[in-house]
Structures are given as structure tokens and as C-alpha cells.
Amino acid sequence: MIVLKNLKIVNPVKDFNGIFNIAIKDGIIIDIYESELEKKEYRDFQHFDLKGKVATPSFVDIHVHLRDPGYEYKEDIFSGAEAAKKGGFTDICCMANTNPVIDNEEVVKYILKKGKETKINIYPVAAITKGLKGESLTEFGNLIEAGAIALSDDGVDIRNAFLLKTAFEYAKFFNVPILCHCENLNLATGFMRDGKYSTLAGIMGNPSISEEINVFRNIKIAEYTGSKVHICHISSKGSVEIIRFFKNKDVNVTCEVTPHHLSLTDKDVYESDYDTNFKMNPPLGTEEDKEILIESLSEGIIDCVATDHAPHAEHEKLVEFEYAPNGIIGLETAFPVCYQLVLNNKITLKDLIYRMTIKPAKIVGIEKGEIEVGAKANITIIDIELEKVYTKDEIKSKSKNSPFIGRKFKGWPIMTISNGEIVYDWWYKRLEEELSK
Amino acid sequence: MKFNRKDLVSIRDLTKEEIEFILEQAQSFKEINERVIKKVPTLRGKTVVTCFYEPSTRTRLSFEVAAKRLSADTLNFSASTSSVKKGETFLDTLKNIEALKSDVVIIRHPASGATKFASKILKASVVNAGDGINEHPTQALLDAFTILEKKGRIKGLNIIIAGDILHSRVARSNIFLLTKLGANVKVYAPPMMMPRDIEKTGVKIVKDFRDEIKEADVVMMLRVQLERQNKALFPSIREYAKFFGFKKEYLENLKNDAIIMHPGPMNRGVEISSEVADSDKSVILEQVENGIAVRMAILYLLIGSGGES
Amino acid sequence: MKLIADENQLKWIYERLAAEIIERNKGMENCALVGIRTRGVYIAEKLKDLFKEKYGVDIPKGILDITLYRDDLSISTHYPELKSTEIDFSVDDKNIILVDDVLYTGRTVRAALDAIMDLGRPKTIQLCVLVDRGHRELPIQADYVGKRIQTSKKERIHVKVKEYDGKDEIYISENVKLK
């Protein structure tokens, strides 16, 4: 039983003008009232004065690698959940490239069971093909019945177009989306985006068409079969154009973009002097790509932000650029990185919140509401004035592979409430500590 | 002029002044190579390690001779590419080499950026002897030294670099160096061996090789890696030689004082015909000879001095 | 700052040095001058001219850069820029007259001796310096000395040559900071 006092509420749809208190009981928002009012009935509740900070629905990330089971040295469900809570997330979908792969009910059940202990919601995404080998389909029905929320072979694309078509047809029967990692493996032979900066850096380039032609292929197959398709982590102008084309045709396609593709470019890779924390798949695009991705997110052609949180141990990243694994962690920095777009007037805060909460939830079918009376108390408190440098020491994730270490951002989640319980509190605890001194 | 770098990993990092300074210093070392006793005591007690992850004979020999003529002790470490991925990590190998108290580590590595990575980790000086498709700075310096010796200048010269530009670290380092020093650099390659946006590095693309070499002061041919034939990058050696090689008929198009260069080892009859390689315009063996002086100068500048000014 | 010798006095010093060298190496057969960079080169040049004008003998002259032979490379605080050695005659069996501006610790001469030995086997090596200021750290002494000056280690000797500095003079200043 808590009351969060003195908050500005930013909802994607419903507006609240003024400063409010939010009363929470049994995991449900039971009251939202103007902060001047003293309500006697909440006298027994624990009160937290948030002094005018911003409250939004808690964030949803439909693209996370938790590495559990199998690669617990990189991350496990608990450490990943801590990172999520710190980033303001209460609902995350974890990808299937674990060991064993999420291609059978036992692994789904294992993740769900362990996930329950984290106090946030963890939804397994099951593999499309057994062992992610791209050879034969997994048991979609059994996996979904066990609790898988969507299907994806993320990390690799399915080369065999017939198999992919079959997967789309079958997924339609169970009404779950397929999350497509789009990459033509014959073309994707490089380590960063092909262009001026790969030429200057002397790194073999990956042409943007390696993504684009498979974005087209995969949506075309989904269109033909009439299935839902979601395109993961798009990185190029060309992919946006293709998705716009299909959206105009009313094809049931959605897509996501990562915070790093909205904020970094191939020039950053070049200037990093082979820092493997700038190596990811798809590789960072050009300045033009970045601008178009930002515009398209604001416009809604890109449906949502997803982090592609991909932890890798330090020793795995401390190698030659070409040999380093792809990916970076992203849960903790997702909001601050994206909020820079709000500060630069590229997108409104309301829209950004929408694309980090309700919209991604809708894509995979997670129940997710706004901040309103009767809704589940899943809330993120943000200090939009707080300016601080992201440091390696503060990272909750087991892995520290972030290109944002040492960079300063304004606007940080400071408290996360999941099912009515404060699961992350940076600000208030600190304040109390200071007061007691 | 001061040269305060710990490492020499790329031409990209160097200023025009630093490049000119290295070339000037190399001049003084050339004289030592012409003596009866080709040895000076400068680097006595210093340890130079060559650490090669790719097979190479000439570059390693050249570095070793350079180090020995400066009286440094030399050690060789070889690793096959396969063991890189299976066994000890590059990082651990580097730390082990550091534990030997080496002063300079000369690295050749198949992955681009590997020497930069090493230079960030090691306290010892790192010299790049070729990293992936990225750079081969000492080759570019010795090429520039040879051009200077033959032509007296670099600024304003018309230089054509021809061959597999995409996979050539020699080409990249030379493009960076020669454009920094004010040459007009053009490149010629089969289109699938041309890096994307290469014009943005300040070079022009040659359309008609035979015609455009008429204007050239320097023609630099690159080695074709014949194994790329199997990777579907070009159909046959025969066709490569015909359309992209330097054939003897082209010699008559060259200016009288033009020079022909090749970083070696050559594939005679592929990128360069024997008549061209052996013609009086070819300076290929001078390049090899100058490599020693240039590498002596680099070792001297990196560890021969007292450090910070 | 204290003047030790002006242009006129230096003229006499050079002439005396030339005379001493001539006297000892009768006929100057098989002799060659080797100047140590930087100012030793110009001093050697002056001596060569004097031999020619006053005694009618022309002997070869070379330039020696001792940078690569210095024993203080790893401890010196300034960057020694290498210039080339230019000796276009064989030193084998020659009487080499090594020329430098100031003889101080003896370390430069030690390096120069090594450098010459690497070029061949001279019959003799003689040392000619314009100034001997004492404070030797090695058992080295000059055969011909222009001027002996008592100095303290704090002092600095400045030898100027017209061809390089615009005037001929020697003076002392006290601007050396001892470590």
C-alpha cells in the first residue's frame, strides 16, 4: 500500500494536467488525485514524495537476450531483470538463442519459473526452427501453450524461403507474431556498414542491402500467407522504405528500432578505433539512415523501440574487432538515449513513451495499459532533469559491453514499480540517505 | 620536429609533418646499409619482437635486419591463424610478450584493427606490419621514400595504384600517405575489388588504365591474392591478366621518367608481366632495399630517443 | 655573459691549431679531417681552408653524426634528430683528425671514436677541439686545444661560427640548470 506523491503523469493517450498523487493497493492503481488534497483513507499507506518527477507506464522491451540457460556468465534471468528494472522496464521478451535453445516446453517453463522470482514479467520467445538451425520447425503449439509469447530465430535469418513460408502459415493458426531477424547471409560478410567509413577504417563492409532484401522477402512471404510479421532492429533507410510500402498496402507488418541505431552511426565505429562495443548486428548505419529512423519513429512507420540487449562478457569483447561477438547491452540506457531525441524536438515525450510501452506490448500481445485508476500498477518514474554520466560501475547487467559508458545523458529512470511494488529505487533511497546524514 | 608517438599503427593517424620527418630520418639510415660494417650500437639492450599471425617472409626479414643493424635483440613469435581462434587469445599472447620486457612488438595480423587493439593494451611500442585489409604503414613509407628518391618530390605527382584495392592494406596506407603529401592519386581495380565510396578518401577512379598511365609519374601494381579466385571474386587468372594486369605493350605509353612499383611478392604474368617487372622503369628491388632504412628509422624514432620532449 | 674570444682572437687560435697539426703530421700525408656535427663541421672546414691557403696542402674532409652512438639516448631529455654521416673516403690507414667545438665530459668523443671505428681501421686518430673546459668523465684528452677554460658545471660555453651562427666568437653564460 503506497502513495506516490507529487508526480506529473505522462500517458501515451490520456492526459493529466497538473501534479498528482497515485495510490496503489494490491498491485492496482486505486486512486489518482490532485496532490493538494490530503486523503485520510491513505493514512496507513507508505508515502513517497517524488517532488514533481514524471510518471509513465513502465516500459516494455520485446527484444532482449537474457542468455539463461546456458550463458549465465554473460547474464542470467536475475541480473537481466535487475538491468531491466534499472532501465524502467517491467515487461521483457527474451530471445531463443540460449543453450539449450528455447525450442521445447521445458526451457519455456524454466524461464517462466525463474522469471516469476524477479518480480517483473519475463516472456520467452520461442525458436522457429529446432536449434535455430533453419532446418525444421519447432512445435509452435506446444511452445505457445507452455507460455511462449512469440516466435523468432533472432540472430540468424532463415535461408530456406519455403521453410519460412511454412512457419508463417503455421504461426497464423496460433495467432502469434513471428519476429524476423532480416539478413541475407551471402551478402552480410563484413563487420560494419559498407561505405565511406568502412573504407577508411579498413574493415570489410556489410552492404545495407543485406538487410533490405530480406526485409522485403520476409514481409512478402508474410503478405502472401496473410500472417503477422514483426521486423526486428531495422537499421537502414531502405528498410524503412520497404516497410512503408507494405504498410501502405495494409499488410500486417510492424517493426522496431534500437536506441543505438537512433543515436550512433558508422562514423562512431570509425572514430572508436576498433572498439568492439560498437560492433553489432545489424551494424550502425549512416547519418542519413539515423535521421530517417528517427523521423520514421516519430511518424509511426517504425512502431516501437526495442533494445536488442545483448550481453557479452568482457573477455569475449576484448578481442580483435573482426572476431568479437555482435551486440551491446541496452536496457539501462534505453530511455536516456532515446530521451535525447525528445530534447532535440525530434519526437514528443508522449510519443516516445507510447513506442516504449503500449505499442510494443500490443505487437506481442502483452496486456498493457496507461496510468489510470483500475490499471495494474506498473509505473516508471523519470527524472527528466537529472544529468549524469553512465559509468561502468553502475551497470547492473553482468556484462559491461556498452558504447555509452562515459557518455553524459539527461533524463533517467529513477524508480520502477512492478505490480504495485517498488522494484528499483535510485532516487528516493539516495534522498533518504542524504537526509539522515 | 618532434616524434613523440609510442606506436606506429597507421598512416591515417600520422600528420603530414610526421610522415616527412620519418622519410627524412630514413635518409640518414640508408648510409649505414652501404657500409662494410652495417651496424650501429643505437638500440643495444633493446628487445624487438616480431609477432606474426600470417605467413610472411620478406616483411619479417626486413624488420629483423633493421633491428639487428641497430644492435637490438630480436625474437620471433609465430602463430597460425587457426590457433588464434582455438587457443590462447590475442590479448593473453600480448601480455605474455610484454612479460618478456620487449621494447617493440611488430605485429602482422589477419584482422583489421588488431594492431591498434594491441597498441592500446601494451606499454611497449607497437609497429603495424599489416593488419587485415586495413593498413601496412611501413610499406607505404618505404614506397614514398623510393618515390622521393626517384622523383625528388611527391606533391603534384600523378600516381596510379592498380589491383585488388578492396583487400589491399598496401593500397590503403599508400592512398592515405600520398594524398596527405599532395599527390594526385588514382586507383584502378576490377569493380568488385574497389572499396565503396573510395572517392571520398580523395582519390579518383581510373577508367582506362592503358590510356591514363600516359600521364602517370608512378604506377604501383598490387599483388593479386590468387586464392580469391575461389571466392568468386574474379573468374580466372587469365582474364585478370588480360584486363587488369600491366602488360608489356603498355610500357610504350609510359613517360620516360615514370617508375613502376610493386610491394611484392609478384605474380609474374598476372598483375605484372615479366617484361614490365624487369624493365628499367621498375624500382621493385630498390623498394625492398629502402624498406630496411625506413624500418630502422621507425625503430629509432620509437625507442631510440629519450621519450617526451 | 663573458666574452672569451672575439673574431680576431679566434683567427689566431685557428692559425695556431693549423700550425700545430701541420707540425706533427709532417707533409700531412694520409691525413683527413672529420668534423663532428654540428659546429665541428665548420671548424674542420676552416682548418681545411687554412691548410690549403697557408701550406698548400689539400686534405679530404668528412662529416660525422654521432647520434646513433650516444650513450645518453635513453636518458636525454631532448629529441636527437639524426643527420647523416658524410664521409666519402675510406678511413682505413688514415690519420684522422677529429674536430669538435668543445671538449667537456668526453662522451661525444667516445661516441665519435666508435663511429669512426665502424667505418674502418684508421692508422691514428687525433683530436682537435676549439675549447677544453675540463670536467672529464672519461680518460680522453685532446691533441690540439684552441683554448683551455676553467669553468664550473653551471656555466655554459657558447662557440659560434660565422658559417652557421653569423659570427665567430666564444663566450660563457651561467644559464645551466643542474638537475
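So, which chain has no contact with chain A, and how far apart are their closest C-alpha atoms? That's chain C: no contact joins chain A and chain C, and their closest C-alpha atoms lie 29 Å apart. By contact I mean two residues whose C-beta atoms, placed from the backbone, lie within 7 Å.

Quick housekeeping. This is a predicted model, so to speak: local features need pLDDT of at least 70, side-chain atom pairs count only at pLDDT 80 or more, and totals for chains, interfaces and linings use all residues. Residues are numbered from 1 along each chain as its sequence is written, and chains are lettered from A and ligands numbered from 1 in the order in which they are written.

Okay, interfaces. Chain B puts in 22 residues and chain A 17 residues. On the chain B side, the elements giving two or more residues are α4 (90-99), α5 (114-121) and α7 (169-180). Helices (H or I, at least four residues) and strands (E, at least two) are DSSP runs, numbered from the N terminus.

Now chain A, and helix α6. It covers residues 209-225, has 17 residues, and reaches 24 Å from first C-alpha to last, close to the 24 Å expected at 1.5 Å a residue. That expected span is 1.5 Å times one less than the number of residues. The buried residues of α6(A) include Val215(A), Ile219(A), Ile221(A) and Ala222(A), and also Glu211(A) and Glu212(A). Buried is 20 or more other C-beta atoms within 10 Å of a residue's own, exposed is 12 or fewer, and partly exposed is in between, with C-beta atoms placed from the backbone. What covers those buried residues includes α4 (161-174), α7 (237-248) and β13 (253-257) of chain A. After α6(A) comes Gly226(A), with a positive phi near 70°.

Most residues other than glycine have a negative phi, and most peptide bonds are trans. In the loop between β5 and α1 of chain A sits Arg67(A), with a positive phi of about 65° although it is not a glycine. Buried or exposed? Arg67(A) counts as buried, because it has 28 C-beta neighbours inside 10 Å. The peptide bond from Asp68(A) to Pro69(A) is cis, with omega near 10°, and Pro69(A) is found in the loop between β5 (59-64) and α1 (77-86).

Asn419(A) also has a positive phi, near 50°, in the loop between β16 (408-418) and β17 (421-425). With 17 C-beta neighbours inside 10 Å, Asn419(A) counts as partly exposed. Over in chain B, Gly264(B) and Pro265(B) are joined by a cis peptide bond with omega about -10°.

Last, back to chain C. It has 4 helices and 8 strands. Its radius of gyration is 16 Å, close to the 16 Å from the globule rule for 179 residues, so chain C is as compact as a globular protein of that length. That radius is taken over C-alpha atoms, and the rule is 2.2 Å times the number of residues to the power 0.38. Of the 179 residues of chain C, 39% count as buried.
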